[in-house]
Amino acid sequence: MPNKPVALVTGANQGIGLQIAKDLVGHGFTVLVGARNLANGETAAKSIGADAHAIQLDVTDSKSIAAAADRIAKDYGKLDVLMNNAGISHVGKAGGRMEDVARKSRLSVAPLDEIRAIYDVNVFGVIAVTQAMIPLLRKSSAPRIVNVSSGVGSLARTLGPGGEHLREIFGAYSISKAALNSITVGFAIELEKEGIKVNGACPGFTKTALNNFQGTKTVEEGAREPVRLALLGPDGPTATYSNDEGPLPW
Ligand code: NAP
């Protein structure tokens, strides 16, 4: 079995996840490029290089998750970094101005099915993948879990001074990221005694398909904080929530 540390990045076939995968390869990892569509994962892995390998992983599909865990166990025997990056901001057709998407996803009008579909990926998907990967993380000497959250999940910022924009776009996506933040805390509390560090990162408003490419940061900038948290040393924290400027209020 190879000696390199092994990372799994969910939703790594495009956007911030693809950049995180590239950066982790640059830091000496073997990276499993999670993709619900394997062909897209293969194209992405090829674009990164020999230390990136595609793995079929739909975070809403328990069979897909179990198969990915089996394959990682067989091929690597452990997992050092789990990067829960896969996420959606809305359901249905890609594109559409963010402001329009946000208006339709306000809690007073959003169809429950759509809220559920967002939770399936951003919330239950993270719990399911993490549960499946914990036995493999236990085999690592420096296990790290990073949940790619968002500043929109910060209730304190939303309600605080300067939160006007967050209040304006508050909807299904926001509540899914607030739930994800609770999940970060929950796993961090449970896994701390085993040395598994669990932290949440906000990439910042990044130009990707998720926001119809309206973001202002590059994917290189967006990947910075998740990657920093994946590389935490033994004295690094657990149960934190931050962006590349520092800690965020929950
Ligand atoms: P993106 O380019 O749309 O990438 C999202 C990735 O998640 C894609 O690879 C997508 O796969 C994957 N995905 C969606 N549903 C999935 C499922 N059921 N199973 C597995 N993978 C699935 O968006 P991004 O901006 O890079 O988003 C990455 C993370 O950053 C998300 O968690 C997002 O909430 C977070 N974030 C983004 C921003 C921003 O401004 N962009 C800000 C804060 C937080 P397909 O290619 O098959 O659709």
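Is Phe213 buried, exposed or partly exposed? Phe213 is partly exposed, with a relative accessible area of 47%; here buried means under 20% relative accessible area, exposed over 50%, and partly exposed in between (1.4 Å probe, protein chains only).

This is a predicted model, in which local features need pLDDT of at least 70 and side-chain atom pairs count only at pLDDT 80 or more, while totals for chains, interfaces and linings use all residues. Residues are numbered from 1 along each chain as its sequence is written, and side-chain values use heavy atoms, with hydrogens and water left out.

**Ligand site**

The ligand is surrounded by 28 residues (a heavy atom within 4 Å), and the closest are Arg36, Asn85, Tyr173, Thr206 and Thr208. The shell divides into 12 nonpolar, 13 polar and three charged residues; Ala, Val, Leu, Ile, Met, Phe, Trp, Tyr, Cys and Pro count as nonpolar, Asp, Glu, Lys and Arg as charged, and the others, Gly among them, as polar.

| Residue | Protein atom | Ligand atom | Distance |
|---|---|---|---|
| Gly11 | backbone N or O | oxygen | 3.1 Å |
| Ile16 | polar backbone atom | oxygen | 2.8 Å |
| Asp58 | side-chain N or O | nitrogen | 3.0 Å |

Taken alone, the ligand exposes 890 Å², of which the protein buries 93% (Shrake-Rupley method, 1.4 Å probe).

**Positive phi values**

Phe213, a residue other than glycine, has a positive phi near 60°. Ala239 likewise has a positive phi near 60°, and is partly exposed, with a relative accessible area of 30%.

How values were computed:
Polar contact = N/O pair within 3.5 Å; in protein donor to acceptor, adjacent residues only side chain to side chain.
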